[in-house]
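Look at the sequence and structure, then work through the answers.

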Amino acid sequence: MESLNELVDENFELPAGMAFGTVRDVFTFADTLRNRGRAPQPANTRYLSPAMIDYAFQNHTGDKTNEFWDFNKQARDLAEFPANFTYGGGYVRGTGDYLTPFGATASPRTFGAVGSGSTMWMVDPVRDLTFVFLSSGLLEGLNHFLRLHRLADLALAAVD
């Protein structure tokens with residue numbers, strides 16, 4: 001995270017970061033994806049096709065492991081876990097018992113994105129659930145993933 005201080009200026013472009021919004025903004029975006037590309041406002045407008053949602057939010061990394069967290073996994077003695085990256089800028093839950101920001105109880109088709117230590121949104125299309133978590137501050141590394149794993153399971157327990 002410290003290295004970003006040297007990179008970020010008025011010319012910096014990073015699609016996955018440096019975005020700002022409200023809980024309502026993020027929820028509206030994620031809920032539009034849950035509704036397969038159709039936003040509730042204005043007037044049930046379609047922004048993406050269901051086919052595009054299906055394509056973008058599936059596992060596009062096959063059985064590759066998530067090597068980004070290797071430094072944290074070794075320090076915590078955690079098992080390997082799949083990358084499960086999507087073209088939608090985040091992850092899909094997939095199947096199996098492993099660390100995921102979407103919890104242990106989300107359906108395999110659950111998808112979403114994780115921000116840098118303080119944010120997450122997820123959509124579980126099987127349970128018809130949209131969940132958004134925004135906080136202040138920065139919880140570094142896998143501590144954030146572990147917290148999201150627990151919060152996602154709490155949110156899912158509330159709807160089942």
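Q: Is Arg-34 buried or exposed?
A: This is a predicted model, where local features need pLDDT of at least 70, side-chain atom pairs count only at pLDDT 80 or more, and totals for chains, interfaces and linings use all residues. Residues are numbered from 1 along each chain as its sequence is written, and side-chain values use heavy atoms, with hydrogens and water left out. Buried means under 20% relative accessible area, exposed over 50%, and partly exposed in between (1.4 Å probe, protein chains only). Arg-34 has a relative accessible area of 18%, so Arg-34 is buried.

Q: Which residue meets the side chain of Arg-34 in a salt bridge at 2.4 Å, N to O?
A: A salt bridge is a side-chain nitrogen of Lys or Arg within 4 Å of a carboxyl oxygen of Asp or Glu. Arg-34 sits in helix 2 (residues 23-34), and its partner lies 94 residues away in the loop between strand 3 and strand 4. Helices (H or I, at least four residues) and strands (E, at least two) are DSSP runs, numbered from the N terminus. That partner, exposed at 52% relative accessibility, is Asp-128.

Q: Which residues are linked in a network of salt bridges?
A: The Asp-128 and Arg-34 side chains meet in a salt bridge. A network of salt bridges links Asp-31, Arg-34 and Asp-128.

Q: Which side chains does Thr-130 join through polar contacts?
A: Thr-130 lies in strand 4 and is buried, with a relative accessible area of 12%. A polar contact is a pair of N or O atoms within 3.5 Å; within protein, one must be able to donate a hydrogen and the other to accept it, and residues adjacent in sequence count only if both atoms are side-chain atoms. At 2.7 Å the partner is Asp-31, and at 3.0 Å it is Arg-34.

Q: What is the relative accessible area of Asp-124?
A: The side chain of Asp-124 meets that of Arg-127 in a salt bridge (2.9 Å, N to O). Arg-127 is partly exposed at 27% relative accessibility. Asp-124 is buried, and its value is 0%.
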